[in-house]
Amino acid sequence: MLTHRNVFWFVPNLIGYTRVFLTVVAGYSMFASRPILMTLSYALSELLDAADGHYARKLNQCSKFGEVLDMVTDRCTTTILLTYLTHLYPSFALPFALLVSLDISSHYMQMYSQLITGKTNHKQMDDGKHWVLRAYYTDRRVLFAFCFGNEAFFLLLYVITYLSGAARVLAIGLAVVMFPLFAIKNIINVIQLCESAKDLAKLDADQLNKDRAAKPATKKKAL
């Protein structure tokens, strides 16, 4: 019989712990001005993001703990980088702060609304969901492409500040290529936030209607 300790040692969760460690290394490297180490650790953490889901399905080791670990690590990793970008690009501090807020709030509300409606995870989509979210979450290639483009865009903004000459021009060119993926990914976050808010409000309305319908019946019995 499995215990919680067994779940902690699932292969995809071990990959998740590795990502947490790499995130710490990346964060330290940013503030220690070690761009090579930062770039390598951050990029590896993002690549492992695809690996944990693959091994969870392959080894039949999907878990609620692993899903939350994955989401929290994603949010923390992106937040650390965007926080540092406000230092590198102070005139864009507000847009970066708003992106952090959108990223955290949209994913939290998506996960909460999915779980409270009986879904097993935040990526489970039914036919009633917005077509953009269904396309995004049900095709792993689409999900990977936009997540990769989004994180690559942020990472390139960081790398550009440490480059010069032809390498800098190349990095700027790559950032321009990644920009549409970044833009669409954050539009999806807005849709996700709005749809999740709507789902939660519908649940509230249904529950209130049930409560109000039950009150007259209770009063009649009392009479």
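1. Asn60 sits in the loop between α3 and α4 (64-88), where helices (H or I, at least four residues) are DSSP runs numbered from the N terminus. Its phi is positive, about 55 degrees, although Asn60 is not a glycine. With a relative accessibility of 68%, Asn60 counts as exposed; buried means under 20% relative accessible area, exposed over 50%, and partly exposed in between (1.4 Å probe, protein chains only). This is a predicted model, in which local features need pLDDT of at least 70 and side-chain atom pairs count only at pLDDT 80 or more, whereas totals for chains, interfaces and linings use all residues. Residues are numbered from 1 along each chain as its sequence is written, and side-chain values use heavy atoms, with hydrogens and water left out.

2. Most residues other than glycine have a negative phi. Ser33 counts as partly exposed because its relative accessibility is 46%.

3. Salt bridges (a side-chain nitrogen of Lys or Arg within 4 Å of a carboxyl oxygen of Asp or Glu) come to a count of eight. The side chains of Glu46 and Arg19 form one of them, at 4.0 Å from N to O. This pair links distant parts of the chain, with Glu46 in helix α3 and Arg19 in helix α2, 27 residues apart. Both Glu46 and Arg19 are buried.

4. Asp70 is likewise joined to Arg19 by a salt bridge, with the closest N and O atoms 3.2 Å apart. Here too distant parts of the chain are linked, as Asp70 lies in helix α4 and Arg19 in helix α2, 51 residues apart. Asp70 and Arg19 are both buried. Salt bridges link Arg19, Glu46, Asp49, Asp70 and Asp74 in a network.

5. For the salt bridge of Arg141 with Asp139, the closest N and O atoms are 3.2 Å apart. Arg141 counts as exposed, at 66% relative accessibility, while Asp139 is partly exposed, with a relative accessible area of 23%.

6. The structure holds 14 aromatic pairs, taken as rings of Phe, Tyr and Trp (its six-membered ring) with centres within 6.5 Å, where planes under 30 degrees apart count as stacked, over 60 as edge-to-face and the rest as tilted. Phe8 and Phe65 form an edge-to-face pair, because their ring centres are 5.1 Å apart and their planes stand at 70 degrees. The pair links distant parts of the chain, Phe8 being in helix α1 and Phe65 in helix α4, 57 residues apart. Phe8 is partly exposed at 35% relative accessible area, and Phe65 is partly exposed at 31%.

7. Phe153 and Phe179 are also paired edge-to-face, with ring centres 5.6 Å apart and planes at 65 degrees. Phe153 belongs to helix α7 (residues 140-160) and Phe179 to helix α8 (residues 165-222), 26 residues apart, so that the pair links distant parts of the chain. Phe153 is buried, with a relative accessible area of 10%, whereas Phe179 is partly exposed, with 43%.

8. Elsewhere, ring pairs link Phe31, Tyr84, Tyr158 and Tyr162 into a cluster. Trp9 is found in the loop between α1 (4-8) and α2 (11-31), and Trp9 counts as exposed at 64% relative accessibility.

How values were computed: Helices (H or I, at least four residues) and strands (E, at least two) are DSSP runs, numbered from the N terminus.
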